[in-house]
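The sequence and the structure come first.

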Amino acid sequence: MTRTVRDDLGASVELPDGPVQRIVSLVPSLTEAIAATGRQALVGVTDWCTHPADLRVQRVRGTKNPDRAAIEALAPQLVICVQEENRELDVQRLRAAGVPVWVAVIESVEQSLSAMRRLFDEVLGWEVPPWLLEAEQVWSAPAPGAPTKVAVAIWRDPWMVVGSRNFTTDLLGRAGLVNVFGQHEERYPHVEAQQIDGAGADVVLLPDEPYVFTAQDGPEAFTSTPSRLVTGRLLTWYGPALLEARAHLEAVRQQ
């Protein structure tokens, strides 16, 4: 017996008639979420799935170059992807090989929470986990006070920043931080360091992923705007990271 659900892009996904018990996650955030809820179901994850640190399952390369043969060999009941992080080509080829793939669309905090609630309840056939209920409560409060303007660098040589229509910009806004590049036409634009420095931000945030900014690599590029090293996972990961992210980001406003 099987059941059919539709993913966030409207594709039909055939699943076992009961809880899903063999999962490959190609999304680091959702790997952490699944591990926190039903770790035993994970049979494959990407090299970038770094949380939890003690996760010991087969690695299937990266989010954008997954080892499809290895995934097929694991015989997963479901492969989990998101539109932003994973390639449509890989999704199509996995499906053509008979592998069920569910794709989420996540560009905001609200979408992340609703996608995870649906994933655990409707798709996986599990219960909604307590940590997700807590995260929904944490992010239900309005943004505090007057906003602080920020820029978020995510790469250098060439420099790139967080732009529009993505989870991070929405997350920042909900914590009282306004992304000065949040109206840029591109989601992750290439810019010069001087443009970041002169964009009118109160502070430039320098995360430790995907580029590993450090005290010796990043702050020296900005002469007009203060910078601050931050934990990248708390800027870009949904899942249990949402429980820590709000306090972490609101602390930026207090500096």
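The side chains of Asp217 and Arg156 meet in a salt bridge, with N and O 2.8 Å apart; the term stands for a side-chain nitrogen of Lys or Arg within 4 Å of a carboxyl oxygen of Asp or Glu. Asp217 lies in the loop between β11 (203–207) and β12 (227–230) and Arg156 in the loop between β8 (148–155) and β9 (160–161), so the pair ties together parts that are 61 residues apart in sequence. Helices (H or I, at least four residues) and strands (E, at least two) are DSSP runs, numbered from the N terminus.

Asp217 counts as partly exposed at 23% relative accessibility, whereas Arg156, at 13%, counts as buried; buried means under 20% relative accessible area, exposed over 50%, and partly exposed in between (1.4 Å probe, protein chains only). Both residues belong to a network of salt bridges that links Arg156, Asp157, Asp217 and Glu220.

## Basis of the values

The model is predicted, and local features need pLDDT of at least 70, side-chain atom pairs count only at pLDDT 80 or more, and totals for chains, interfaces and linings use all residues. Residues are numbered from 1 along each chain as its sequence is written, and side-chain values use heavy atoms, with hydrogens and water left out.

## Further salt bridges

The count comes to 17 salt bridges. Among them is the pair of Asp7 and Arg95, at 2.8 Å from N to O, which links the loop between β1 (2–6) and β2 (12–16) to helix α3 (residues 88–96) across 88 residues. Asp7 is buried, with a relative accessible area of 4%, while Arg95 is partly exposed at 30%.

Arg68 forms a salt bridge with Asp90, the closest N and O atoms being 2.9 Å apart. This pair links helix α2 (residues 68–73), which holds Arg68, to Asp90 in helix α3, 22 residues apart. Arg68 is partly exposed at 25% relative accessibility, and Asp90 is buried at 3%.

Cys49 is buried, with a relative accessible area of 1%, and Cys81 is buried, with a relative accessible area of 1%.
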